[in-house]
Amino acid sequence: MNISLNWLSTHLDLTGKSIKEINDLLTFAGVEVEGIETKGIASEKIVVAQIMESVQHPNADKLSVTQVDCGEGQLRQIVCGAKNYKVGDKVPCCLPGAELPAGFTIGETKMRGVESKGMLAAAEEIGLPKGEDGLLILPADFPIGKPVKELFESDVLLELEVTPNRPDLLSHRGMARELGTLLKQGSVGVPPASSLPTTPASSIRIDAPDACPLYTAIRITGVTVKESPNWLQQRLESIGLRPINNIVDVTNFVLHELGQPLHAFDAAKLTGGIVVRKANDGETFLALDESEHTLTAGDLLISDESSAALALAGVMGGLHSGVTETTTDILLESAYFTPQGIRRTSRRTSLTSDSSYRFERGVDPQGILTASALAVELILETAGGTAEGAVQVAGEAPVLTQPVALDAKKLDQLMGGSVSLSDAGKILTRLGLEKLADGTWKVPSFRADLQRHIDLVEEIARVHGLAKVPSRLHGSFVPSSAVDHAYDADMILRRRLAALGLYECQTIKLIADNQLIDSLPLRPMQDGDVIRVKLPLSEDHAVMRPSIVPGLVASAARNVRQQQKSLRFFEMGRVFRNSGGGKAKDQESETLAILLSGPVAPAAWNQSERPAELYDLKGLVNALVPNQTIRFAPRERDGFALASDIKAGDINLGVFARLLPTRERALDFTAPVYVAELDLTKLRKLLAGIDHAEDLPQFPGSSRDAAMEVAATLPNAEIENVLLKLAEPLLVSFECFDVFTDPTGEKLPADRKSVAYRFHYRATDRTLKAEDVDAAHAKVLETLRSKAGVKFR
């Protein structure tokens, strides 16, 4: 909801109150300020200047060099590109240091070699509505040197988020009442309009009193529909509304002034009186926005005696019953509709309006006639015409409040003695409550949320200030727990991944059926392992995720459609599954998922883009647990082109995979997509150990290379497994540095491959001799020959 401070000031004295003070007051009182927008001129350094001289720029045909008087005692030279001025005109001059709405600050500079000490400005450049092309020519009587902001009206627009239980704040008068309470002052300015005389309705019939307890209407004849006066247009424009005509603008003004929605019908388009009824199943309604809706028996309609649908009650008017330029007689509606029905209809039809927003939260039943009276007064003022002598009233205003007792003992206990009973009474009085003879408090009709003792205490605490309530419990030492250790480990992982250039995602824990194809659970799924939602809100939220990867893949696909190339994401969270085909129910675990795709570094003059590959992902996992040796052990996974288990030593840490190329193309990926899902519990344990530093080697080592011929289908992991199980004390490390294949079969059979390894040998207590290294190396080669079936070249 938007609130204009200028409009608010017609009800409340805000003199001397800064925007920050108002922002803090509302925030600490429970009204969230989501945005603050300044309209008009903000800078004091934009002043009235008179152009005293203008000559052609020596180095630019389209520029002029001007000398202007800014009231400084000497002329200021400014280069200008506009042509709509003449010497002697007064214009806005932005002095060095002036901050403009576009977000930049004026400074002294040189333009084509000529010094310019400021800027002469157009209207839109300084925050005013766009005028003629070129400079803003000011009236001749404006004093030179005076800040321009003092000569034009400015305003501040507050964007507020009001909680659903406070519909009384959805208007300028309601917000003024709230601020008046917080500032310890009453509302000032225009008082509420007096109510018009009323008469029992003779041309209104309510067939659904449960949905519409009260309906009022008054006929105004002889009106002239035209453009609204300037003050009314400015009021609506100040909160972002577009003026339409004087009748519609008045109803919009009253809505934002008092919080009561109104609707004006063209009386000539009505047949007989008004009938408030439930819609017939399948009945159609054509709304003001030209959208057509099929209604159900739960929807409330305003119709005439011919059963023509005039408006969808509390939501939106009909296209053929509204006020137009030819309208001369109107019927003004002011009513109370029950919130539940309006909310249900608005959600089902996807029709929302300022009216439905207020009706579905609940309007003040006692404000119906007041709003009608104010609207009639303004319509007669802006459109002329004659109003009926009395408002027709059908039904009765519901009573939504009742007296509430304030328990003094509980108040003192809850407030810690920080507020006296008399001060609490003053706060409630400022809030509009009235103390009755029996000691209870009469709640005003606009505060239907105050129903219990604790509601009154909450209001007292809110206005008194929670910061003034003393704390009774002080922080005490608590030994760290398993939850603390898990949190610390997760933060270490987050910081490491962020430092490695990954972005954290947070996706919903419910996924669609068609996303299960991307699932990469730590253990393969069986029939019955998927947990489905019995009554999903939508088909996109039908399954509890058995893996985080589907959410990351969907996020990456959205980024690809936004032209993002390099995708580096991770997410931590819970996954859900049954196990054993559904034998073990509702198991939860925590995992960490990683996704890589696209270039790992931007292209430069000395290098081209290199797409991410599985070894980049392996390096990331190794960086998370640098004290561990990470290995990928191939293992097929349905739905993936490449997959393996991720092992840290003997621990099965997680799963790695690449999406199928067909799946990548279906999601518009242009590069391979690599994903991994790690067991977060095991990761935390690996991080929990003490990091030990090893001494630098005191003795030199020696290396030997070996090229071996193996079957083309032999995984490298089998060679590594043989070497890891080899109990050779001198072998400290090994690495594969080359792989050769020849599909033609000329240099090597097509079903064979050559793999080259480098082996490093070192002793901790001596310098190795050549025969020591040869003996250890021979043992390694023999083990590979016998256990892995390799041939050495």
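Visitor: Let me begin with a single side chain: is R462 buried or exposed?

Guide: Please keep in mind that this is a predicted model. R462 counts as buried, because its relative accessibility is 13% and the cut-off for buried is under 20%.

Visitor: What does R462 form a salt bridge with?

Guide: As a general idea, side chains of opposite charge can pair when their charged atoms come close. In this structure R462 forms a salt bridge with E459, and the closest N and O atoms are 2.6 Å apart. Both residues belong to helix α11, which covers residues 453–464, and they sit three residues apart, about one turn of the helix. E459 is buried as well, its relative accessible area being 4%.

Visitor: Which residues are linked with R462 and E459 in a network of salt bridges?

Guide: The network links R462 and E459 with R166, D168, E178, R447 and D449. For the structure as a whole, the search finds 40 salt bridges.

Visitor: Where do R785 and E782 lie, and how many residues apart are they?

Guide: R785 and E782 lie in helix α18 (residues 770–787), again three residues apart, or about one turn of the helix. Their salt bridge has its closest N and O atoms 2.7 Å apart. Here, however, R785 counts as partly exposed at 39% relative accessibility, and E782 is likewise partly exposed at 41%.

Visitor: Which parts of the chain does the pair K149 and E44 link?

Guide: The side chains of K149 and E44 meet in a salt bridge at 3.9 Å, N to O. This pair links distant parts of the chain, since K149 is in the loop between β9 (119–120) and β10 (155–161), while E44 is in the loop between β2 (32–39) and β3 (46–56), 105 residues apart. K149 is partly exposed at 25% relative accessibility, and E44 is also partly exposed, with a relative accessible area of 46%.

Key. Residues numbered from 1 in each chain as written. Predicted model: local features only at pLDDT ≥ 70, side-chain atom pairs only at ≥ 80, totals over all residues. Heavy atoms only, no water. Salt bridge = Lys/Arg side-chain N within 4 Å of Asp/Glu carboxyl O. Helix = DSSP H or I, 4+ residues; strand = E, 2+ residues; numbered from the N terminus. Buried < 20%, exposed > 50% of the residue type's maximum accessible area, 1.4 Å probe, protein only.
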